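Trainee: I would like to learn how to read a protein model together with its DNA. Where do we begin?

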Protein chains: 2
Amino acid sequence: MYTIGQVSEMFGLPVSTLRYYDKEGLFPSMRRQSGIRQFGEAEMEALRVIECLKASGLEIKEIKKFMAWCVEGPSTFAQRKALFETRKAAVEAEMRRLQKTLDMLKFKCWYYETAIRDGSEDRLKERIPDDLPAEIKKLYDNTHA
Amino acid sequence: MYTIGQVSEMFGLPVSTLRYYDKEGLFPSMRRQSGIRQFGEAEMEALRVIECLKASGLEIKEIKKFMAWCVEGPSTFAQRKALFETRKAAVEAEMRRLQKTLDMLKFKCWYYETAIRDGSEDRLKERIPDDLPAEIKKLYDNTHA
DNA sequence: GCTTGACCTGAAGTCAGGTTCAGGTGTTAT
DNA sequence: ATAACACCTGAACCTGACTTCAGGTCAAGC
């Protein structure tokens, strides 16, 4: 069993954040010893899952639901699995979005490299330059479709 | 030249958002016709860049700086390029983070699939199961390091 | 001439996810 | 016994990115 301060250290999260999570119901089965929170293995695992679900873009409210399901037992396995499947799809979509963003950024990097070499944007502004490298053209097409 | 309503349609952004962007200085060279905003080609391009930089996680304040550089002319090419390089690195980092999240989510999907088949978590909770598939083991190792 | 609709403004409100604050308790070290 | 800590609480505050609101202008159609 750990105190809030120890857990704060271990996870690199401010104490205030851990208390906030608790207030929001993210540790539904946490024990108290005369008022003081006792973080057990269940809470540590909860925190690992919280980090994962947060990283996947899930809201605190939804994470709370998940934690409640964990307390409810095996009858909620299917819901829990569905949640992770949904998150998986969301993260995959986000990665595709980021890939397009990345292509655009790469294009812009090339653009300013070229502008610096030319000393002006004029040639670039007018039209796609004749000497646009094939790889850059691909980035351009991906993002300016 | 387009009105704010037309641009709203074209970009799928609420009129209120466009006005907010303007207030935040994201269209430093926008013209007005007796009070009414006139969106020209510069503003359309600004919006495309805004979408890209926002998608890369940049704050509005920073986007405003970039737009000011664009007005300043060729002397700021290097800063603009540096900004895009920094964003590129940030997005790449974010994608690596998401990849780890995704591995964790895949592991959790497998976990609950197995729990549903077993009808209980008991076997899973104890230890890494003997029959943990190699592919899943990799996901597990990636995320539980 | 009056309503409708698209535009304008500044100020206030909203939401998530925390953080900070003021005041209180309980255990340990001097 | 008193100070120093780590813990506790509820309430207020903060930030970013918008949205909503109240009130006003102006051109076009009936």
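Mentor: Begin with residue classes: Ala, Val, Leu, Ile, Met, Phe, Trp, Tyr, Cys and Pro count as nonpolar, Asp, Glu, Lys and Arg as charged, and the others, Gly among them, as polar. A residue is near a strand if one of its heavy atoms lies within 4 Å of it. By these classes, the surface near DNA strand D has 6 nonpolar, 5 polar and 6 charged residues. This is a predicted model, in which local features need pLDDT of at least 70, side-chain atom pairs count only at pLDDT 80 or more, and totals for chains, interfaces and linings use all residues. Residues are numbered from 1 along each chain as its sequence is written, chains are lettered from A and ligands numbered from 1 in the order in which they are written, and side-chain values use heavy atoms, with hydrogens and water left out.

Trainee: Which residues come nearest to DNA strand D?

Mentor: Of the 17 residues around DNA strand D, the nearest are A:G5, A:R19, A:R32, A:R37 and B:T17. Of the atoms of DNA strand D that come within 4 Å of the protein, 82% belong to sugar and phosphate.

Trainee: Which atoms lie at a phosphate oxygen of DNA strand D?

Mentor: Look for polar contacts, here pairs of N or O atoms within 3.5 Å. A polar side-chain atom of A:R37 is 2.7 Å from a phosphate oxygen of DNA strand D.

Trainee: What gives the largest share of the surface near DNA strand D?

Mentor: Helices (H or I, at least four residues) and strands (E, at least two) are DSSP runs, numbered from the N terminus. The largest share, 4 residues, comes from α2(B). For DNA strand C, α2(A) gives the most, also with 4 residues.

Trainee: Why do the copies meet through the same surface?

Mentor: Contact means heavy atoms within 4.5 Å. The copies meet through the same surface because 100% of the interface residues of chain B are also interface residues in chain A.

Terms used: A polar contact is a pair of N or O atoms within 3.5 Å; within protein, one must be able to donate a hydrogen and the other to accept it, and residues adjacent in sequence count only if both atoms are side-chain atoms.
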